Amino acid sequence: ATPTALLVGTGRGAQLGILIKGPEVLETTRAVDTVVLDKTGTVTTGTMTLRAVHVTGDDGEPTAAGAPTEGEAPTAAGAPTEGEAPTEADAFTEDDLLRLAGAVEHASEHPIARAVARAAAERSGPLPAPEDFANVPGLGVQGVVEGHAVLAGREKLLTEWSITLPPELAEAKEAAEAAGRTAICVAVDGRARAVLEVADAVKDTSAEAIARLRALGLTPILLTGDNEAVAATVAREVGIEEVIAEVMPEDKVDVVKRLQAEGRSVAMVGDGVNDAAALAQADLGLAMGTGTDAAIEAGDLTLVRGDLRAAPDAIRLARRTLSTIK
Ligand code: ADP
Ligand code: MG
């Protein structure tokens, strides 16, 4: 009777939109008490759009050394420095900056990159290909566009090059994050020039899925490389209390290990290449069927439709199937 029940379980799973790698997976599924959820593409749609562009009027000193601090006079930002007119190369318009950022992002597959490249191409037409392109996982992208060195990503990407945000861009970034959006900092030729706001939407099924996980006695935790404010906004929207934010891609697996060391039995739900190691490490890996091949290969279960409600369905199914056997 045992193998039959397990086969029925996996068959029922397929009907629910859950692909189960093997009948033995049902046993681990049943034991899970903690569900770690990746944010982008798992809890949210992962389809980002550009919402705003902020540029700085500061054509003066490189911001790296002696960057103006909070308390300084408001003239610091807009004022011409030492009577020097901005050079031709310095005079980037908002469209120029979006185009430069878009050109570098065009070489990346990241949902943020797609949003920026799409918006830039809509405004300025076909984008030039960047030279010396590099994707810096969890931080952003870099490349050379028409002779200009361009960085686009987290503030941390800029600070690694000793580039700091001028006050008006720092303010724009904070306001964007407080509103639950992701701020992309753009530097050109060693100076911070713009902050782009991108955002995606929570899937309409996510809140219900989280409520169902809770009803099954599971603790949901939101895990993301995105900043605290954005993570907190999404968590609030879907009813998650525990948030682990600003986690570098390679550190996601350590978060899972830490929870396991606390004696928890951990399910991880993810979609990205970044999530593959954590999916493999988790007691149970649930991959979004809408996600990357790397995630699907690493997972024990695939939620075919990318609907998070299939996660509580899978756990309920495993409990039922196994109680039939016992
Ligand atoms: P998540 O864990 O939410 O799936 P990632 O680990 O892929 O996110 O990225 C973490 C953060 O790094 C993003 O929120 C963004 O701020 C920055 N980032 C990553 N890739 C890019 C990119 N191509 N362009 C701009 N910023 C990026
Ligand atoms: Mg993701």
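Author: First the term. A residue is buried if 20 or more other C-beta atoms lie within 10 Å of its own. Keep in mind that this is a predicted model.

Reader: ok, take asparagine 274. Buried or exposed?

Author: Asparagine 274 is buried, because 25 other C-beta atoms lie within 10 Å, and the cut-off is 20 or more.

Reader: where does asparagine 274 lie?

Author: In the loop between β11 (266-270) and α12 (276-281).

Reader: and what is asparagine 274 in contact with, leaving aside neighbours within four places in sequence?

Author: Pro137, Pro249 and Lys252.

Reader: how many Å separate the C-alpha atoms of asparagine 274 and threonine 292?

Author: 9.6 Å, and the two residues are 18 apart along the chain.

Reader: zooming out. How many of the residues count as buried in the protein?

Author: 48% of the 326 residues. The protein has 14 helices and 13 strands. Taking contacts with a separation of 6 or more, 62% of them join residues 24 or more positions apart.

Reader: what domains does the assignment give?

Author: Domain 1 covers 2-46 + 201-325, and domain 2 covers 49-199. Their contact takes 12 residues from domain 1 and eight residues from domain 2.

Reader: which helices supply at least two residues each on the domain 1 side?

Author: α3 (39-43) and α10 (228-238). α10 gives the most to that side, with three residues.

Reader: how do the residues of that side divide into nonpolar, polar and charged?

Author: On the side of domain 1 that touches domain 2, four are nonpolar, seven polar and one charged.

Reader: new topic, helix α5 and helix α6. At what angle do their axes cross?

Author: Roughly 130°, and the axes come within 8 Å. Here α5 covers residues 94-105 and α6 covers residues 111-124.

Reader: left-handed or right-handed crossing?

Author: α5 passes α6 in a left-handed crossing.

Reader: which residues make the contact?

Author: From α5, they are Asp95, Leu98, Arg99, Ala101, Gly102 and Glu105. From α6, the list includes Ala113, Val116, Ala117, Arg123 and Ser124, and also Ala119, Ala120 and Ala121.

Reader: and by class?

Author: The contact of α5 with α6 has eight nonpolar, two polar and four charged residues.

Key:
Residues numbered from 1 in each chain as written. Chains lettered and ligands numbered in written order. Predicted model: local features only at pLDDT ≥ 70, side-chain atom pairs only at ≥ 80, totals over all residues. Axes fitted to C-alpha atoms, helices over the stretch in contact; angles between N-to-C directions. Helix = DSSP H or I, 4+ residues; strand = E, 2+ residues; numbered from the N terminus. Left-handed = near helix turned anticlockwise from the far one by under 90°. Contact = placed C-beta atoms within 7 Å. Nonpolar A, V, L, I, M, F, W, Y, C, P; charged D, E, K, R; others polar. Buried ≥ 20, exposed ≤ 12 C-beta atoms within 10 Å, placed from the backbone. Domains from an automatic or database assignment.
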